[in-house]
Amino acid sequence: MLDTTVDPATEKAAAKAVDTLASVRENIGQVVYGQDRVVDLALAAILSGGHALLVGVPGLAKTLLVETLGTVLGLKESRIQFTPDLMPADILGSEVLDQDEDGRRAFRFIKGPIFTQLLMADEINRASPRTQSALLQAMQEKAVTIAGARHDLPKPFHVLATQNPIEQEGTYPLPEAQLDRFLFQIDVGFPELSTERDILISTTGATLPTPSKAMTAKSLIGMQSLVRKLPVGESVLEAILTLVRNARPDQSDDETIRKTVAWGPGPRAGQALMLATRAKALIEGRVAPSVDDVIDLASPVLRHRMALSFAARADGATIDTTIERLKDRIR
């Protein structure tokens with residue numbers, strides 16, 4: 001059985017974290033307009049200790065969001081522009097042969113841009129699979145192996161990758177193993193009319209808004225530890241299990257799912273929901289998640305962890321309508 005009690009120390013830490021997160025969201029909102037949902041999902045991914053894939057057309061402030069998050073959270077950040085000619089060594093680093101004053105030679109490892117706390121992988125699907133695979137170990141184990149030697153990455157370490165859903169020429173689809181390592185796929189849409197009006201006024205003047213630092217890397221690590229201490233009720237656990245297991249064609253009791261879904265999410269999807277619902281609750285000022293949080297986060301967690309069969313797609317089925325069907329099972 002799950003322990004749903006909250007000790008006084010955790011409750012006190014949660015109250016302090018809620019105030020800090022409110023300041024974080026306020027600072028981000030001064031720079032990134034009208035993307036509250038995207039900001040909250042990105043924060044939830046980071047608080048859960050995970051990574052996020054931002055999918056949207058150019059010009060929707062995806063890069064600005066990552067830069068702002070780095071500033072506000074007090075994280076060291078770096079950016080990699082993925083291109084077809086990018087090589088793994090351009091990301092991880094490489095060994096060079098050095099010679100000292102006595103003529104002795106030895107290899108020295110020069111760290112690549114992945115040795116940071118917040119990595120922006122811009123247009124990640126433009127790099128070849130060989131280069132994309134350089135991120136696999138880093139995203140899962142928070143370390144890389146170069147010439148047989150393991151090098152730990154700074155803590156915390158998070159990848160926020162961007163992808164353009166429209167232009168597919170000269171791109172390489174991300175392999176399923178890499179997609180599964182993203183906690184969320186966050187779809188970034190166009191702003192509303194009033195928001196776009198504010199963007200035009202605020203970003204074309206003589207001075208531009210700048211964010212302020214509201215946290216440190218150390219305090220973020222503490223908050224990530226706090227998220228794991230927040231209680232999860234039995235009803236939330238059952239909702240997660242029902243959602244994830246019914247999304248698998250070989251385990252679902254829904255005949256439509258069995259016919260339309262080619263492959264479904266693994267246990268990592270359930271782990272993502274267990275952590276992300278807690279993070280979402282903390283962002284919203286609560287110490288425990290609800291079934292509504294599971295429903296709200298089902299799409300960003302499952303969207304990139306499922307695929308429909310060719311026949312289902314030919315009949316007009318989509319991942320989003322399939323996930324809505326799954327969410328109806330736990331409403």
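Me: Helices (H or I, at least four residues) and strands (E, at least two) are taken as DSSP runs, numbered from the N terminus. With that settled, which element gives the most to the lining of the largest pocket?
Reply: In this predicted model, that is α9, which contributes 5 residues to the lining of the largest pocket. Each of α6 (134-141), α9 (217-229) and α12 (267-283) supplies at least two residues there.

Me: OK, and how much space lies in that largest pocket?
Reply: The largest pocket holds about 570 Å³ of space. Its lining consists of 27 residues, and those closest to the centre are Ser48, Gly49, Gly50, Lys142 and Arg228.

Me: How do the residues of that lining divide into nonpolar, polar and charged?
Reply: For the largest pocket, the lining comprises 11 nonpolar, 9 polar and 7 charged residues.

Me: What about the second largest pocket, what volume does it have?
Reply: Its volume is about 400 Å³, and of the 19 residues lining it, Gln163, Pro173, Leu174, Leu179 and Gln185 lie closest to the centre. Two or more lining residues come from each of β1 (52-55), α7 (176-179) and β9 (184-187). By class, the lining of this second largest pocket has 10 nonpolar, 6 polar and 3 charged residues.

Me: Switching topic, how many aromatic pairs does the structure hold?
Reply: There is 1 aromatic pair, formed by Phe109 and Phe115 in an edge-to-face arrangement, with 5.8 Å centre to centre and 65° between the planes.

Me: And Phe115, buried or exposed?
Reply: Phe115 counts as buried because its relative accessible area is 8%, which is under 20%.

Conventions: Residues numbered from 1 in each chain as written. Predicted model: local features only at pLDDT ≥ 70, side-chain atom pairs only at ≥ 80, totals over all residues. Heavy atoms only, no water. 1 Å grid on protein atoms, 1.4 Å probe; cavity = no way out; pocket = protein on both sides within 12 Å on 5 of 7 lines; lining within 4 Å. Points joined across faces, edges and corners; volume = space filled by probe spheres on them. Nonpolar A, V, L, I, M, F, W, Y, C, P; charged D, E, K, R; others polar. Phe/Tyr/Trp six-rings, centres within 6.5 Å; stacked < 30°, edge-to-face > 60°. Buried < 20%, exposed > 50% of the residue type's maximum accessible area, 1.4 Å probe, protein only.
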